[in-house]
Amino acid sequence: MKEGSIFSACVDGRYILKFVGDVRLTLCATLDCHIEEALTQSDATDILVDLTEAEGIDSTSLGLIAKLSIKAYGLSLPMPTIVSTNEDITRVLLSMGFDHIFVLLSELPTCPSDLQQLPFVQDSEESIRQRIIAAHRILIDLNDSNREAFKDLVMTLEKS
């Protein structure tokens with residue numbers, strides 16, 4: 001699998017996040033910092049998450065994507081859209097309840113050429129652990145299945 005990267009653009013009020021390759025918790029600080037900055041500093045009127053080139057995505061990254069939807073709701077933005085052409089990823093999104101907080105599409109409506117890769121954010125182990133816990137707490141709140149799947153992980157991480 002190709003190492004993961006995250007790209008973003010804000011074009012005419014459309015905020016776009018594009019995930020490429022195998023996106024893992026090594027990018028959680030990068031993604032979390034970007035989400036915090038992007039939604040407070042941009043004039044976004046809608047949000048699109050492009051997973052068409054994602055080969056894999058872990059639960060921490062999914063928790064942070066869910067956080068993006070929750071933040072958008074808090075800003076009174078329309079429900080964000082996720083585009084996934086990978087059946088395995090789409091199946092995971094559906095099983096985790098993402099269809100309740102995102103519009104899910106199976107093809108990409110547009111792809112601006114001015115996407116820029118997010119700069120990697122180096123973070124401490126403790127800070128990354130806290131981001132992982134927060135991301136999984138978001139997933140736990142989405143449905144009972146997630147609560148069951150991730151409660152032990154969160155308890156273990158909180159104890160360490």
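α2 passes α4 in a left-handed crossing (left-handed: the near helix is turned anticlockwise from the far one by less than a right angle; right-handed: clockwise). The contact is formed by Ser-59, Thr-60, Leu-62, Gly-63, Leu-64, Ala-66, Lys-67 and Ile-70 of α2 with Ile-132, Ala-135, His-136, Ile-138, Leu-139 and Leu-142 of α4. Contact here means heavy atoms within 4.5 Å. By class, the residues of this contact are 9 nonpolar, 4 polar and 1 charged. Ala, Val, Leu, Ile, Met, Phe, Trp, Tyr, Cys and Pro count as nonpolar, Asp, Glu, Lys and Arg as charged, and the others, Gly among them, as polar.

The model is predicted: local features need pLDDT of at least 70, side-chain atom pairs count only at pLDDT 80 or more, and totals for chains, interfaces and linings use all residues. Residues are numbered from 1 along each chain as its sequence is written, and side-chain values use heavy atoms, with hydrogens and water left out.

Helices (H or I, at least four residues) and strands (E, at least two) are DSSP runs, numbered from the N terminus.

**The sheet**

6 strands form an open sheet with mixed pairing, in the order β5-β4-β3-β2-β1-β6. Two strands pair if DSSP finds at least two bridges between them. β5 (103–105) and β6 (116–117) are the edge strands; each has a single partner strand, so one side of each lacks a neighbour in the sheet. Strands of a sheet pair through backbone hydrogen bonds, either parallel or antiparallel.

| Strand pair | Sense | Bridges |
|---|---|---|
| β2 (residues 14–23) and β3 (residues 46–57) | parallel | 9 bridges |
| β3 and β4 (residues 81–83) | parallel | 3 bridges |
| β1 (residues 5–11) and β2 | antiparallel | 7 bridges |
| β1 and β6 | antiparallel | 2 bridges |

Phe-7 stands opposite Lys-18 in β2. Phe-7 also stands opposite Gln-117 in β6. Ala-9 has Ile-16 in β2 as its bridge partner. Ile-16 in turn stands opposite Leu-48 in β3. Further along, Asp-50 stands opposite Val-83 in β4.

β1 and β2 form a hairpin with 2 residues between them. In that turn, Asp-12 has a positive phi of about 50°.

**Crossovers**

One consists of β2, helix α1 (residues 28–41) and β3, and it is right-handed. The other, also right-handed, consists of β3, helix α2 (residues 59–74) and β4. A crossover is right-handed if, with the strands pointing away from the viewer, the path from the first strand over the helix to the second runs clockwise.

**Helix packing**

Axes are lines fitted to C-alpha atoms, for helices over the stretch in contact, and angles run from 0 to 180 degrees between N-to-C directions. Angles under 35 degrees count as roughly parallel, over 145 as roughly antiparallel, 65 to 115 as roughly perpendicular and the rest as oblique.

How do α1 and α2 lie, parallel or antiparallel to each other? Their axes come within 10 Å and cross at roughly 5°. α1 and α2 are therefore roughly parallel. From α1, Cys-28, Leu-31, Asp-32, Ile-35, Glu-36 and Leu-39 meet Thr-60, Ser-61, Leu-64, Lys-67, Leu-68, Lys-71 and Ala-72 of α2. The residues of this contact comprise 7 nonpolar, 2 polar and 4 charged.

The axes of α2 and α4 come within 8 Å and cross at roughly 70°. α2 is therefore roughly perpendicular to α4.

Helix α4 (residues 125–142) also packs with helix α5 (residues 144–159), at an angle of about 155° and with the axes 9 Å apart. So α4 is roughly antiparallel to α5. Their crossing is left-handed. On the α4 side, Arg-129, Ile-132, Ile-133, His-136, Arg-137, Leu-139, Ile-140, Asp-141 and Leu-142 take part. They meet Asn-146, Arg-147, Phe-150, Lys-151, Leu-153, Val-154, Leu-157 and Glu-158 in α5. This contact divides into 9 nonpolar, 2 polar and 6 charged residues.

Helix α3 (residues 87–95) lies across β3, β4 and β5 and runs at about 125° to β3.
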